[in-house]
Structure formats: C-alpha cells, structure tokens
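This briefing concerns one protein model and is arranged by topic. Please consult the sequence and the structure while reading.

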Amino acid sequence: MTRFSTACGALAAVFVISGCSVFAPTPIPRGSLIEADDYNQLTPGTSTRADAVDLLGSPTTKGAFDDNTWIYISMTTYMKPLDFPGIDKQQVVVLKFDGAGMLQSLRTLNRKDSRSVAMISKVTPTPGTSINILQQILGNVGRYNPMQNMMNSSGGGTGTGMMGGNSGPGHFGAGNSL
C-alpha cells in the first residue's frame, strides 16, 4: 500500500510540474517581424528604398512629416490575466533616406530607449449649450410625428400624390403612385 501511495504521489508531482508549462504565457508576435540579419545587410550610402523593401518589406509606418523616414516596429507580447498584455521584447528600426531614395542612416531602438507617457485626466471643452438630464429626456418630446406628412394634404391639387403635398421616395409612397 505504501508503494501505491508513493507512486500516486510521484505521479501527481509529475502532473503538477508538467502542468506549469501549460499555464506559461504564450508569446504573441506583433508588427514587422524582422531580424538583425535582415537589416544588417543594409548599408548607408549604398542601399536604396528598393533594397529595404526587398529585405524588410513595407514599413510599419512612415514619418509624420517626412516620407523619407521609414519605421519598422516589432514586439513580442504575452497575455496577463485581468491586465493589459505584457511586453516581452520590443524593437524599432528607423531608416532615413535622402530625396533620391538612398539610405542615409539606420537606427535600432529597443525597450530601454522607450519613454513612458502618462495620461492626462483633463476634459476638453466642447462648444454648445450645457443641458441637464431632465432637458435631455424631455427635449425631443413632440418633435417626431410620423403622421405629420399624411395630415398635410393640400386639398386634391394635381401632383400632390396619394397622401399629400410630398412627392418622391421615402414619403410613405406618395411619389410612387401611378
């Protein structure tokens, strides 16, 4: 009986230890997955935009005010329970070209080069009136009357349609009469 309980205990320990790998976070690749071997083939002064596209593909984004700055962004994330995804690895490759399309500089940035940005809790004011909840609830009372177009008949003149003075599609079929 002791051998059986020892074997069951050992088997349970193996299941617990092997189960830890099941719950390990799965890395999720995001962005332009480029390797150092790829962008190290580019040399400033000799490589062109076409070389960059052939080796790295199209850029993730371009500079906001300069189309000659190409940015390749890649990161590996993992899911955290009840939280935002965690970042395991992050890399940014910045290529700057001159007006003729020749590579001027190549820079790589990683997570250590990043800056954290804090959110601001201020509210941007919008123009217009400020109304309370009672005005919001009662503001549209009486404005919508689906029977209004039917009751405005002008007394049987020509071209007024079947239901009144409106003609054309969308007015309860008034413009569609033969």
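Is strand β3 (residues 69-78) mostly covered or mostly uncovered? Strand β3 is mostly covered, with seven of its ten residues buried; buried denotes under 20% relative accessible area, exposed over 50%, and partly exposed the range in between (1.4 Å probe, protein chains only). The model is predicted: local features need pLDDT of at least 70, side-chain atom pairs count only at pLDDT 80 or more, and totals for chains, interfaces and linings use all residues. Residues are numbered from 1 along each chain as its sequence is written, and side-chain values use heavy atoms, with hydrogens and water left out.

**Strand pairing around β3**

- Helices (H or I, at least four residues) and strands (E, at least two) are DSSP runs numbered from the N terminus, and two strands pair if DSSP finds at least two bridges between them.
- Strand β1 (residues 28-31) runs antiparallel to β3 and is joined to β3 by four bridges; P29 has T76 of β3 as its bridge partner.
- Strand β2 (residues 61-62) is also antiparallel to β3, through two bridges, and T61 is partnered with I71 of β3.
- Six residues separate β2 and β3, which form a hairpin.
- Ten bridges connect β3 with the antiparallel strand β4 (residues 86-97), where K96 is the bridge partner of T69.

**Nonpolar core**

- A nonpolar core is a set of buried Ala, Val, Leu, Ile, Met, Phe, Trp, Tyr and Cys residues joined through side-chain atoms within 4.5 Å.
- The largest such core has eleven residues, among them W70, Y72, V93, L95 and F97.
- At least two residues of this core come from each of α3 (49-56), β3 and β4, and β4 supplies the largest share, three residues.
- In soluble globular proteins, nonpolar side chains tend to be buried together.
- Leaving aside residues up to four places away in sequence, V93 touches I34, Y39, W70, I71, Y72, R107 and T108, where contact means heavy atoms within 4.5 Å.

**Exposed positions**

- L134 is located in helix α4 (residues 133-138).
- L134 counts as exposed because its relative accessibility is 53%.
- K112 is found in the loop between β5 (103-110) and α4.
- With a relative accessibility of 78%, K112 therefore counts as exposed.
- The C-alpha atoms of K112 and Q91 are 9.7 Å apart in space, while these residues are 21 residues apart in sequence.
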